[in-house]
Amino acid sequence: MPEPLLALVGVHKSFGGVRAVRDLSFHVGEGEVVGLIGPNGSGKSTTVQLVAGALTASAGDIRVDGRSVKALPVSARVPLGLARTFQTTSLFPEYTVEEQVLLGCHTRFRCTAAASVLQTRSSRRDDAEQRDRAFRILEFVGLADLASVPAAAISSARQRLLMIAMALASEPRVLLLDEPAAGMVASERKALARVILGIRERGVGVLVIEHHMGLILEICQRIVVLNFGEKLAEGTPAEIRNDPRVIDAYLGNGRPC
Amino acid sequence: MSRALRVGIGTAVAIAALALPHALTVPYFLHLTILACIWTVLAQGQNLVQGFSGYVSIAAGGFMAIGAYASALLSVKAGWPVWTSMALAPFVAAAFALVVGYPSLRVKGHYFAIVTLAYNLVIVTVLNNYESFTGGEAGMPNIQRPAALVLGGLQLSFAGREGYYYLVLLAAAAATAGGALVLHSRVGRVLIAIRQNEMVVDALGVAAWRYKLFAFVASGFLAGLAGALYAHFIGFLNPEPFGTDQSMNAILAVTLGGSGTLLGPIVGAFLVVTLPEYLRVADTYRLVAYGLLLVLATIFMPRGIVPMVSRGFQGMATRLAAALRPRPDPTP
């Protein structure tokens with residue numbers, strides 16, 4: 001069996017005495033959209049931070065394309081094919097939409113930073129190629145006509161699409177989307193779903209953390225449910241929707257207290 | 001601004017700068033201009049760290065001291081040619097910046113500022129107390145000017161103020177050009193992104209610490225160059241001018257002129273050198289007036305002089321263009 005793009009194997013994370021994530025294992029395959037859901041405090045955000053590298057797992061292993069990334073810092077995981085977006089909108093407010101994506105292209109430049117400072121001919125060509133790529137990515141997420149607008153001046157739903165564009169610029173094999181639909185209205189969520197499905201078609205594995213169940217059920221092939229830091233259930237959207245343990249975790253057990 | 005206009009203004013400034021020694025009749029003004037050029041080198045370095053990456057370092061004075069003492073010691077005590085010691089001094093300062101920058105760039109914001117402040121204090125303390133080596137507070141006299149150069153039959157002497165002025169002008173222009181190259185490259189883009197949101201920079205796969213370290217080492221290099229130029233100009237060194245006051249002056253030059261711009265550090269450097277002199281009219285209240293001016297400038301021009309002036313020009317140009325346009329078409 002080929003290695004999945006992203007694999008978590010028995011991952012633990014404790015903060016002092018609090019065990020935020022316990023023995024968590026799941027994987028994301030090529031061209032697969034996996035949803036990670038759970039009630040507040042169930043360990044979703046900790047899991048994202050562990051995968052992205054902002055936190056280090058206390059035990060267990062995290063592999064990208066068969067390579068353990070557990071000990072690598074955030075920036076070293078990106079060239080291996082792991083990119084992420086943030087739960088809160090995180091951009092460079094002074095930069096234009098295009099410049100943000102250009103910064104996301106960082107790991108794809110062929111010339112060295114020194115060549116860029118000295119403005120060698122090959123580095124200028126490199127720069128032009130990356131600008132082309134950035135523009136194509138903006139076309140893909142539907143922001144091409146706003147390329148020269150400052151990022152602080154576009155709507156919050158567009159800013160969230162821009163974060164995805166920035167992450168895509170590093171040509172990831174696995175993409176972590178941390179609550180991509182936060183603050184979006186129905187029509188904007190539809191556009192987002194189209195973008196995520198488009199990313200899947202490119203063969204990228206996507207891990208989506210989201211509260212909006214409609215979106216999760218629409219775009220995911222598989223859903224992992226967390227509760228109190230542990231995996232409660234895993235399955236197709238239909239299985240998850242009818243799983244009594246999941247309903248129990250979200251809505252209570254139906255018995256009077 | 002159109003390209004032709006930029007080139008025109010640039011040429012005019014260059015000619016004015018080259019002709020300046022002949023226009024200034026008071027030698028003291030030329031003396032101040034030389035200091036301002038040296039401070040421009042220092043401020044361009046400070047701008048790389050403070051203006052681009054947003055990390056405020058309070059060590060510019062300390063690295064300037066390292067450059068000044070390195071060059072003075074190599075030429076006076078080791079007997080090396082002045083040109084060689086002046087050329088090596090920036091590298092000595094850069095090496096120090098590399099060693100102290102690596103651990104201190106792990107802390108952020110105010111903590112980084114405090115760590116660099118500590119370096120500055122340590123450097124000055126060592127210079128004051130290692131008397132057998134540096135001469136301590138009494139200082140080190142008889143630091144020579146660099147030897148005359150013969151270029152294509154033309155004798156260039158640096159013994160006088162005029163010759164030295166061209167040397168520091170060249171250094172200031174080179175430091176500004178270096179800043180321009182960094183600003184317009186991928187490196188500048190990353191540094192300015194670090195100022196805006198370092199967490200996202202890391203998440204995009206950029207090892208932010210390398211870029212911060214580069215900016216810090218480059219600023220140490222330029223501070224060292226400024227120190228060497230200062231030492232051989234004044235001819236006498238003691239630790240007094242390299243205290244935290246000097247680091248504050250570098251920070252001020254960048255903030256006043258326009259943080260993160262290329263012209264800002266130049267404007268700022270001239271201001272911090274000349275303003276205290278012009279304020280001599282205020283007599284005993286000179287430093288009080290200086291302080292007051294700085295407070296007012298920070299309140300009313302938080303982004304600095306250069307961005308404010310250039311915004312003013314742009315606004316004027318837009319209004320002028322609107323006034324010259326025939327009549328606006330009523331139908332959209």
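The legends below describe close-up views of a predicted model.

**View 1. The two domains of chain A.** Chain A is split into domain 1, made of residues 1-81 + 172-257, and domain 2, residues 94-171. Their C-alpha centres are 27 Å apart. Domain 1 of chain A brings 17 residues to the contact, and domain 2 of chain A brings 12 residues. Between them, domain 1 and domain 2 of chain A bury about 1300 Å², with carbon and sulfur atoms giving 72% of this area.

**View 2. The domain 1 side of the domain contact in chain A.** Polar contact across the interface of domain 1 and domain 2 of chain A is found for two residue pairs, both at pLDDT 80 or more. Zero salt bridges are counted between these two domains of chain A. On the side of domain 1 that touches domain 2, strand E7 (174-178) and helix H7 (186-201) of chain A are the elements that give two or more residues. H7(A) provides the largest share, five residues. By residue type, this side of domain 1 of chain A has 11 nonpolar, one polar and five charged residues.

**View 3. The interface of chain A and chain B.** Here 26 residues of chain A meet 24 residues of chain B. The two chains bury about 2300 Å² between them, and 64% of that area lies on carbon and sulfur atoms. Eight residue pairs are in polar contact between chain A and chain B, both residues at pLDDT 80 or more. On the side of chain A that touches chain B, the elements giving two or more residues are helices H2 (74-77), H3 (97-104), H4 (113-117) and H5 (121-141) of chain A. That side of chain A consists of 14 nonpolar, eight polar and four charged residues.

**View 4. A salt bridge between the chains.** Two salt bridges are counted between chain A and chain B. A:Glu94 forms a salt bridge with B:Arg195, and their closest N and O atoms are 2.6 Å apart.

**View 5. The surroundings of B:Asp202.** This residue belongs to helix H8 (residues 186-203) of chain B. Leaving aside residues up to four places away in sequence, B:Asp202 touches A:Val74, A:Ser75 and A:Val78 in chain A, together with B:Ala207 and B:Ala208 in chain B. B:Asp202 counts as partly exposed because its relative accessibility is 22%, and the partly exposed class lies between the limits of under 20% for buried and over 50% for exposed.

Conventions:
Residues numbered from 1 in each chain as written. Chains lettered and ligands numbered in written order. Predicted model: local features only at pLDDT ≥ 70, side-chain atom pairs only at ≥ 80, totals over all residues. Heavy atoms only, no water. Helix = DSSP H or I, 4+ residues; strand = E, 2+ residues; numbered from the N terminus. Buried < 20%, exposed > 50% of the residue type's maximum accessible area, 1.4 Å probe, protein only. Contact = heavy atoms within 4.5 Å. Domains from an automatic or database assignment. Buried area = accessible area lost by both parts, 1.4 Å probe. Salt bridge = Lys/Arg side-chain N within 4 Å of Asp/Glu carboxyl O. Polar contact = N/O pair within 3.5 Å; in protein donor to acceptor, adjacent residues only side chain to side chain. Nonpolar A, V, L, I, M, F, W, Y, C, P; charged D, E, K, R; others polar.
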